Amino acid sequence: MAPVFYSFRRCPYAMRARLALVSSQVPVALREVVLRDKPAAFLAASPSGTVPCLVTSDRVIDESLDIMIWALEQNDPEGWLQMPAGGWDWIARCDGPFKEALDKTKYATRYPDSDPAEARAAAVGFLTDLDRRLETWMFETPSGADFAILPFVRQFAFIDMNWFEAQDWPALQRWLADFLASRGFAAIMPKFPQWQPGTPEVAFP
Ligand SMILES: N[C@@H](CCC(=O)N[C@@H](CS)C(=O)NCC(=O)O)C(=O)O
């Protein structure tokens, strides 16, 4: 049986895992989780109760980045893992300080002790550095760093697209726009019905 992959369409972590699954063409059975109605089988499998979560015959992979690596180590036709070591540092900066700044900007009311202007400034610092880093891609060829980070830049941009578009980030804006228009993005964003025990398995990709 194909590994079971618990996913949630709009979650940026699940998006990056789906992008790697599409690139590698490693087949899984996708189960769409509704976060306010997590199925018991998911909660029993996932140590953290977060999506994405991949359950193979011999292990549970609970971190999106590890799911990307698991898929790409089996098949990496586009060479996403062949990136300079600095790519991993960019991903760590995205997942750590940038994601924190993103959440504190987007969900400001959940963080009454945090100053949203300060959070936005921290996010702007990261995005400005990224804009300077980018040519067509972060490195010479498209890599795991691009696709691990793009879903989070998308999430930030969608807080206020007019504001995002008004910034002086030409390379970043084009990188995001090309991603949103890409076949890879379309391939990960169909609407999946909520999984429940007994529903037929959905083959992905
Ligand atoms: N470090 C995890 C984080 C995953 C995560 O936080 N996912 C969110 C959705 S975007 C989640 O499942 N949150 C649990 C909830 O909202 O109940 C990963 O990279 O997979």
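In the predicted model, a nitrogen atom of the ligand lies 2.7 Å from an N or O atom in the side chain of Glu63, a polar contact being a pair of N or O atoms within 3.5 Å. The protein covers 70% of the 520 Å² of accessible area that the ligand has on its own (Shrake-Rupley method, 1.4 Å probe). An oxygen atom of the ligand is 2.6 Å from a polar side-chain atom of Lys38, and a polar backbone atom of Val51 is 2.9 Å from an oxygen atom of the ligand. The model is predicted, with local features requiring pLDDT of at least 70 and side-chain atom pairs pLDDT 80 or more, while totals for chains, interfaces and linings use all residues. Residues are numbered from 1 along each chain as its sequence is written, and side-chain values use heavy atoms, without hydrogens and water.

The residues around the ligand, each with a heavy atom within 4 Å of it, include Cys11, Tyr13, Leu35, Gly49, Asp62 and Ser64. By class, this shell has six nonpolar, three polar and three charged residues, with Gly counted as polar and Cys, Pro and Tyr among the nonpolar residues.

Val51 is also joined to Pro52 by a cis peptide bond, with omega about 0°. Pro52, likewise part of the shell around the ligand, is placed in the loop between α2 (40-45) and β3 (53-55); helices (H or I, at least four residues) and strands (E, at least two) are DSSP runs numbered from the N terminus. A cis peptide bond also runs from Phe204 to Pro205, with omega near -10°, and Pro205 lies in the segment after β5. Gln25, in the loop between α1 (12-24) and β2 (28-32), is not a glycine but has a positive phi of about 60°. Most residues other than glycine have a negative phi, and most peptide bonds are trans.

The structure holds 14 aromatic pairs, defined by ring centres within 6.5 Å, with planes under 30 degrees apart counted as stacked, over 60 as edge-to-face and the rest as tilted. Tyr6 and Trp195 form an edge-to-face pair, at 6.3 Å centre to centre and 80° between the planes. This pair links distant parts of the chain, 189 residues apart: Tyr6 is in strand β1 (residues 4-7), and Trp195 is in the loop between α9 (183-188) and β5 (202-204).

Terms used:
Polar contact = N/O pair within 3.5 Å; in protein donor to acceptor, adjacent residues only side chain to side chain. Phe/Tyr/Trp six-rings, centres within 6.5 Å; stacked < 30°, edge-to-face > 60°.
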